[in-house]
Amino acid sequence: MTALRDGAARLIRREDYCPPAYWIDTVDLTFDLDPAKTRVLNRMRVRRNPDQPRQPLRLDGEDLTLARVLVNGAGTSFRIDGAQLVLENLPEGDEPFELEIFTTCAPEKNTQLMGLYVSQGTFYTQCEAEGFRRITYFLDRPDVMATYSVTLRADKARYPVLLSNGNLVEAGDLEGGRHYARWVDPHRKPCYLFALVAGNLVCRSQPIRSRSGTDHLLQIYVRAADLDKTEHAMHSLMAAIAWDETRFGLPLDLERFMIVATSDFNMGAMENKGLNIFNTKYILAHPATATDTDFANVESVVAHEYFHNWTGNRVTCRDWFQLSLKEGLTVFRDQEFSMDMAGSPSARAVKRIEDVRVLRTAQFPEDAGPMAHPVRPDQYAEINNFYTVTVYEKGAEVVRMMQTLVGREGFTRGLKLYFERHDGQAVTCDDLVQAIADANPDSPLARLQPQFMRWYAQAGTPRVQISGQHDPATRTYTLSLHQSCPPTPGQPHKEPFVIPVAAALFDHEGRLLPGSERLIVLHEPHTEVVFPDVDSPPIASLLRGFSAPVILEHPLSDDELLVLLAHDTDPFNRWEAGQQLLLRRALAAVRAEGPVHAPLDAATLQALRAVLRHPTLDAAFKELALTLPAHTYIAEQLDEVDPQRIHAVREAMRTQLAHALHEDWIWAYEAHQDSGGYRPDAAAAGRRALTGMALHMLCLAARDSGNPVWPGKTYQRFKDATNMTDRYQALSALVSAGHELAERALALFHERFRHEELVLDKWFALQAGAPDRGGDILPRVQALLQHPDFHLRNPNRARSLIGTYCHANPAAFHRADGAGYAFWRDRVLEIDAFNPQVAARLARALDRWKKLAEPYRSQAHAALRVVAAHEPLSTDVREVVSRALA
Ligand code: PHE
Ligand code: ZN
C-alpha cells in the first residue's frame with residue numbers, strides 16, 4: 001500500500017509505454033523461509049537493451065529490507081529512490097553482468113496477500129500484477145521474461161512440501177532439521193507467473209498420457225482434511241487438458257502441472273506457470289459441502305487457469321493495459337469449454353444465459369458508472385482496480401464477436417496463427433486481432449478491423465434501436481437499425497462500433513420464416529436490411545444468442561414477446577422474451593404512483609405457467625425463465641433509483657408467482673425429484689435448481705396463508721438432504737420466507753458445518769443476503785461481525801458477510817437512515833488498513849450513488865466524502881472513491 005499524502009494518485013498511461021532499458025535473462029533465487037524473516041538471495045543475469053538510451057537500472061521493490069548488492073561479485077554503489085533501487089555504476093559496454101541482491105521480508109506480517117505470505121502456517125506467493133517486487137528487487141513488468149531456478153530451504157517438520165515452478169531437480173536434508181528443494185522452470189516467463197509454496201500439505205496425484213503420447217503428472221495440493229474434496233477438480237483439469245488439445249490443438253507443455261489451494265486469497269485463482277494457486281473456494285468440492293454452483297465454478301476456474309498456460313503464459317501481455325489479451329481470451333475459452341461440457345444445445349444455452357446475466361448485472365452498470373473504462377484501459381492509478389468485469393467478461397464478448405465474424409473454424413485458424421507468430425512473446429491486443437483477421441482475409445473482421453478495434457478503445461454499452469416496416473406490395477420486411485453509445489468519463493463522443501446482430505423472422509404463429517436467419521454486421525450509425533418474400537408483418541428475433549454486448553431497444557408488443565417466449569428456436573432469445581415481459585411489468589410498477597400492487601397480469605402469469613409446465617424444456621431453462629430480472633438490472637433502466645421501491649416491486653412479483661402458480665410449484669417440486677446419488681451434471685443440477693425454486697415459492701406462499709405444511713416439509717428436507725445443494729436450497733427457502741423455522745435451521749447448519757470454512761462462508765452470506773424486513777438485516781450483520789467464526793482478515797469470510805450485504809442486498813443496504821452507508825464507510829476504512837485490494841472492491845458498492853433518489857443520494861455522498869478524506873488511504877481505494885465523486 002502506498003499512501004499518497006497529497007491526495008492525487010499518479011496515473012500510469014498506456015501511451016507512455018516504453019520498452020525496458022535492461023533485460024533479465026536468468027534468475028536464480030534462494031529462499032531461507034521463515035515466517036518472521038525470510039531471506040532472499042536473487043542472482044540475475046542482466047544485459048542492457050541496446051535499443052534504448054543508456055540509463056541507470058531501476059528495480060522495483062516494496063516492503064523489502066535490503067542487505068547487499070553485488071555486481072559481478074563485487075560491491076557497488078546504489079541508491080533508493082522512492083520504491084526503486086537505482087544502480088548507476090554498471091559495467092561499461094554491453095556485456096551481460098551478474099547482479100546479486102540480498103533482501104529480507106516478513107511473510108507473517110503480510111496482510112495484503114501480495115508477494116510472499118503465510119496462511120494457516122503455509123507459505124504462498126501471489127505475484128500478479130505487481131507482487132514480485134514484494135519478494136525481491138526486480139524489473140516487475142510483464143515484458144521482461146527470464147528463466148528461473150529456485151532453491152527453497154525450510155524447516156522440514158513444519159514445511160515438508162516445498163514447491164516452485166517447473167521441475168524438481170534436487171532435494172535433500174540440511175542440518176538443524178531443515179531441508180531443501182531445487183526447482184528449474186525450463187520456460188521463460190514474466191515474474192508475475194513466479195510462485196512458491198511451502199507447508200504441510202497432501203496431494204492427489206494423477207499421471208496422464210496425452211493424445212500425442214507424452215506423459216505428465218498432475219497434482220492437487222491441499223490440507224489433509226480436504227483431500228476427499230479434490231476429485232472434481234482433478235476431473236475438471238483432465239477434461240480441460242483434453243479439450244484444449246481437441247478444440248485448439250494446444251497441448252500441455254509441462255512434465256508436472258500442480259495446483260495448490262489456500263484459504264486466504266484475494267482473488268479466485270492464479271495461473272502461475274506449472275504451479276497454479278487457487279482460492280479453496282474454486283478447488284474443493286464434495287457433494288456434502290459444495291453446491292451445484294460450486295461444482296460448476298470449480299470446473300470453469302480450473303479450466304480457466306489451465307487455459308492461461310497458452311493464453312497468458314506462452315503468449316503474455318506486453319504491459320498491464322493489455323490485460324484483456326489474456327483475460328478476455330481465456331474467459332472466452334473457459335465459457336466455450338463449459339458449454340461443450342454441458343452437452344445438449346439447451347444446456348449450452350443455459351450457460352450462455354448465465355454468462356449474459358453476469359454481463360448485464362455487473363458489467364453494464366460498470367460501463368455506465370464512474371469506473372467505466374475500455375476493455376483496454378488508457379490509464380490507471382492502481383492496476384489491481386482493473387481486474388474488472390469489463391476486462392474479463394466484456395473482453396470475452398469481444399473475442400466471441402470475432403469468432404462470430406470469422407466463424408468457428410476461422411477462429412481456430414486465427415488462434416493457430418497467433419501462436420505461430422507470438423509464442424514466447426509479450427504482445428498487445430492488436431496482435432491478437434491482427435492474427436485472427438490475417439487468418440481470415442475475406443471475413444468482415446478483416447474488412448472492418450480498425451473499426452472493430454474500437455471495442456478495445458471505447459467504453460460504454462452501445463445501444464441499438466430497432467424499427468421494422470412490412471411492405472405487402474413488395475412482400476418485403478425492412479429492418480432499420482440505429483446505433484449509439486452514451487458518453488463515459490473522458491470519452492464524450494463515440495465512433496460507431498462493429499456490431500454483429502444475429503437475426504431471424506417468425507410469423508405470428510411462431511413459425512420460423514425459411515431463409516430468414518442471417519448475420520447483420522452493423523458498422524455505421526444507421527443500417528437498413530431488407531428481407532424478401534415476407535407475406536405478412538413478421539416478428540424479428542434479434543441479437544440471437546446475445547451476439548454482441550449491447551442494449552437492444554426493440555419495441556415488440558407484449559403479444560409478440562409472448563410468441564417468441566413460446567416459440568423462438570434460439571433458446572437465449574426465448575428466455576430474453578420472458579425477461580423483457582417481466583422487466584416491463586417491473587418498470588411500470590416502479591414508475592407508478594402509490595402502493596405497489598400485483599405487477600403481473602394474467603397473460604404473463606399464464607405464459608410463465610406454460611414455461612414451467614412445458615413438456616420438453618429443460619428444468620434449468622425453466623428455472624432461469626422464472627427468475628425475475630435482477631434488482632441491479634432493473635435499476636440500470638431508470639434515471640433515478642429508489643432501491644426500496646424496486647425491492648417492493650420484486651417482492652410483490654415473487655409473491656404473485658408464489659400464489660398464482662401454487663399448484664404448479666407443487667407439481668414442479670414433485671416431478672423433478674432425483675432418486676439416485678448425487679451427480680453434478682447439468683441435467684441433474686437443473687432439476688435441483690427448479691425444485692429449490694419451487695420450495696422458495698411454496699414457503700413464500702405459506703408465509704401469507706399460515707399453512708405450516710410446506711415449511712415443515714422444507715425443514716425436513718433441510719435435515720434429510722444427502723447433498724449440499726438440496727440442503728442449502730431448503731435452508732435458504734426458510735430464511736428467505738422469514739419463517740420461524742429458519743433460526744432453528746441456521747443454528748443446526750452452523751453446528752453441523754462449523755469446521756468447514758467454505759460452508760461457514762455460505763452461512764454468513766445467507767444471513768447477510770436475506771430479504772430485509774423492517775431493517776433487520778444490518779443489525780444482524782453487525783452482530784455477526786462479533787461472531788467467533790468471523791475473521792475480517794480472511795477475504796472469503798469478509799466478502800461473505802460484508803461483501804454480500806453491501807453488494808448483493810440492495811434493500812438492506814440502501815436504508816433511508818443511511819446506516820448501511822455508514823457501515824460501508826467504516827468497513828472500507830477498517831479493511832483498507834491491512835488489505836487495500838479487498839477494501840477497493842468493497843468500495844465499489846457505491847459506484848452508482850449519483851442515480852439514487854433522496855435521501856439515499858445525499859447520505860451516500862457523505863459516506864464517500866468521509867472515505868475520500870481519510871488519511872492514510874491506499875491508492876486502490878482512493879482511485880475508486882475519487883472517480884465516484886468526480
Ligand atoms: N490472473 C488471475 C485469473 O484471472 C486473476 C488474478 C489476478 C489472481 C491478480 C490474482 C491476482 O486467472
Ligand atoms: Zn484469468
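**Overall size.** I began with the radius of gyration of this predicted model, and noted 28 Å for the chain, which agrees with the value near 29 Å that a compact globule of 886 residues would have. I then looked up the extent along the principal axes, where the C-alpha atoms fill a box of roughly 85 × 65 × 60 Å.

I asked what share of the 886 residues is buried. The entry I wrote down is 52%. For the contacts with a separation of 6 or more, I noted that 69% are between residues 24 or more positions apart. For secondary structure, I recorded 29 helices and 31 strands in the chain.

**Domains.** I took down the domain assignment, which gives domain 1 (8–192), domain 2 (201–313), domain 3 (317–454) and domain 4 (463–555). Turning to the pair formed by domain 3 and domain 4, I found their C-alpha centres 23 Å apart, with 15 residues of domain 3 in contact with 14 residues of domain 4. On the domain 3 side of this contact, helix 4 (345–368), helix 5 (389–406) and helix 9 (449–452) each supply at least two residues, and the largest share, 5 residues, comes from helix 5. By class, I sorted that side of domain 3 into 9 nonpolar, 2 polar and 4 charged residues.

**Ligand 1.** I next listed the residues that surround ligand 1, and wrote down Gln126, Glu128, Ala129, Met267, Ala269, Met270, Glu271, His304, Glu305, His308, Glu327 and Tyr387. Grouped by class, this shell has 5 nonpolar, 3 polar and 4 charged residues. Strand 20 (269–270) and helix 2 (292–307) each contribute at least two residues to the shell. Why do I place ligand 1 between domain 1 and domain 2? Both domain 1 (8–192) and domain 2 (201–313) give residues to the shell, so ligand 1 lies between them.

**Annotated range.** Over residues 233–440, I noted that the chain is 57% helix and 10% strand, and that the end C-alpha atoms are 36 Å apart.

**Cis peptide bonds.** I looked up the omega angles and recorded a cis peptide bond that joins Glu854 and Pro855, with omega about 5°; Pro855 lies in the loop between helix 27 (836–843) and helix 28 (856–869). I also recorded a cis peptide bond that joins Glu871 and Pro872, with omega about -10°, and I located Pro872 in the loop between helix 28 and helix 29 (875–885).

**Positive phi.** I checked Asn72, a residue other than glycine, and found a positive phi near 50°. Asn72 sits in the loop between strand 5 (65–71) and strand 6 (74–75), and I class Asn72 as partly exposed because 13 other C-beta atoms lie within 10 Å. Arg475, also a residue other than glycine, has a positive phi near 55°, and its place is in the loop between strand 25 (463–471) and strand 26 (476–484).

Notes:
Residues numbered from 1 in each chain as written. Chains lettered and ligands numbered in written order. Predicted model: local features only at pLDDT ≥ 70, side-chain atom pairs only at ≥ 80, totals over all residues. Helix = DSSP H or I, 4+ residues; strand = E, 2+ residues; numbered from the N terminus. Rg over C-alpha atoms; globule rule 2.2 N^0.38 Å. Buried ≥ 20, exposed ≤ 12 C-beta atoms within 10 Å, placed from the backbone. Contact = placed C-beta atoms within 7 Å. Near = placed C-beta within 6 Å. Nonpolar A, V, L, I, M, F, W, Y, C, P; charged D, E, K, R; others polar. Domains from an automatic or database assignment.
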